[in-house]
Amino acid sequence: MNIGEVATRSGVPAKTIRYYEDIELIESADRAANGYRSYMEEAVHTLRFVARARNLGFTVDECRDLIALYRDKARASADVKRIAEGHIAEIDKKIEELRSMRATLADLADRCHGDDRPDCPIIDGLASMNGPHCRTSSK
């Protein structure tokens, strides 16, 4: 089947499929005589698997590991669980960071009068490098 059909059946855009091939997350499709990609049914299953994993926030590298485990019928489920639990820990960390950011912003918004005066605790808080939960480096 061609890339358009695989994209439709897997729910993954053709551009993303090409990208996944370029970074070797999925195997490159064979080329037909006309030069078009020709995919097997397994590609649809793999792309659906990757799409679900990506929707859960797994990184490309984690997806690579999960695909290897998916294909390895002798895998230990402990290996899969270790990846999932590591990802859960990252999600928990992000949740805590978001809660902290929300609390800081809510505090600043609560202190702002929101009127016609120019003084604004939100602006002052953003401008202050010593403020609560303020980061000096970007990621």
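Reader: At what angle do helix 1 and helix 2 pack, and how far apart are their axes?

Author: About 105 degrees, with the axes 9 Å apart. Axes here are lines fitted to C-alpha atoms over the stretch in contact, and angles run from 0 to 180 degrees between N-to-C directions. Bear in mind that this is a predicted model, where local features need pLDDT of at least 70 and side-chain atom pairs count only at pLDDT 80 or more, while totals for chains, interfaces and linings use all residues. Residues are numbered from 1 along each chain as its sequence is written, and side-chain values use heavy atoms, leaving out hydrogens and water.

Reader: What makes helix 1 roughly perpendicular to helix 2?

Author: Angles of 65 to 115 degrees count as roughly perpendicular (under 35 is roughly parallel, over 145 roughly antiparallel, the rest oblique). The angle is about 105 degrees, so helix 1 is roughly perpendicular to helix 2.

Reader: Which residues make that contact?

Author: Contact means heavy atoms within 4.5 Å. Helix 1 brings Ile3, Val6, Ala7 and Ser10, and helix 2 brings Ala14, Ile17 and Arg18.

Reader: How do you know that Glu24 is exposed?

Author: Exposed means over 50% relative accessible area, buried under 20%, and partly exposed in between (1.4 Å probe, protein chains only). Glu24 has 64%, so Glu24 is exposed. You'll find Glu24 in the loop between helix 2 and strand 1 (30–31). Helices (H or I, at least four residues) and strands (E, at least two) are DSSP runs, numbered from the N terminus.

Reader: What is phi of Glu24 near?

Author: Near 60 degrees, a positive value in a residue other than glycine.
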